[in-house]
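Thanks for coming. I have one structure to go through this morning, and I will keep it short. Please look at the screen.

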Amino acid sequence: MSDNPKRAAAAAALELVRPGMKLGLGTGSTAAHFVELLGVKVKAGLNVVGVPTSEATRGLAKHAGIPLTTLEEAPELDLTVDGADEIDSRLRLIKGGGAALLREKIVANASKRMVVIADSGKKVAMLGAFPLPIEVIQFGLEATKRAVVKAIERAGCQGEIRLRLRPDGHGLVTDSGHFILDASLGRIPDPEALADGLAAVPGVVEHGLFIGLASEAFIAGPSGVEHIARSSF
Ligand SMILES: O=C(CO)[C@H](O)[C@H](O)COP(=O)(O)O
């Protein structure tokens, strides 16, 4: 196994790729390993196309020589491989640490199969230690923030909500032109209730709870790569 667990997880997922596949390409440092390894296969003759989940991944994929397409050209993908910030035992995820959650969720939802690749540090007994990213429209930010707080409380959670900032102190703007609120909740005892509550808030574009999307995960730790399938729960 590679001495880099992220790369080992990416290499395991690469084994699922077949000629002719339409692939969703995730965002983040783990997904970047997958893109790089896939690029090596493409250069050796593998025929696939990819839909990137962020402008950052678009750049990496272009550099790696992977032919790209869009969900307009390819509205159903065979396989998406993406990282995660947290994974629970039912393959519910927190994503969006890299601010790409909106496109990541659209691409995952358009895929027959979503496979998560991660190091074992991402596995949790309960979601919530990682701040939950919530993508919101710039218009009405303070009002949306208040509504988000109420939705969080109704779902039995509490914590601080902060606008994600760029290093220059201005609000970070996502690839789709929105802001991100990061909700530090500590624990999310009922992720489904929170997901439903947040989805109902006007101004919330998407949130980083990925529920029922990942079908399996490759999780790499010191003793090797563990394969988890959702059907096994
Ligand atoms: O959701 C994501 C980006 O929006 C990433 O997949 C997540 O943040 C994990 O990143 P990394 O592989 O760098 O730990």
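Two helices, H2, which covers 29-43, and H4, each give at least two residues to the shell around the ligand. Keep in mind that this is a predicted model. H2 provides the largest share of that shell, three residues. In total, 18 residues surround the ligand, and the closest are Gly-28, Thr-30, Gly-83, Gly-97 and Gly-98. Sorted by class, the shell has nine polar, five nonpolar and four charged residues.

Now to H4. This helix spans residues 101-109 and contains Glu-104. In an unreviewed entry, UniProt lists Glu-104 under "active site". Is Glu-104 buried or exposed? The cut-off for buried is 20 or more other C-beta atoms within 10 Å. Glu-104 has 32 within that distance, so it counts as buried. Leaving out residues up to four places away in sequence, Glu-104 touches Gly-26, Thr-27, Thr-53, Asp-82 and Lys-95.

Next, the domains. The protein is divided in two: domain 1 takes 5-123 plus 211-223, and domain 2 takes 132-207. Their C-alpha centres lie 24 Å apart. Where they meet, 13 residues of domain 1 are in contact with 14 residues of domain 2. Which helix gives the largest share of the domain 1 side? That is H4, with four residues. By class, this side of domain 1 has six nonpolar, four charged and three polar residues.

Notes: Residues numbered from 1 in each chain as written. Predicted model: local features only at pLDDT ≥ 70, side-chain atom pairs only at ≥ 80, totals over all residues. UniProt positions renumbered as here; feature names shortened; annotations may be inferred. Buried ≥ 20, exposed ≤ 12 C-beta atoms within 10 Å, placed from the backbone. Contact = placed C-beta atoms within 7 Å. Near = placed C-beta within 6 Å. Nonpolar A, V, L, I, M, F, W, Y, C, P; charged D, E, K, R; others polar. Domains from an automatic or database assignment.
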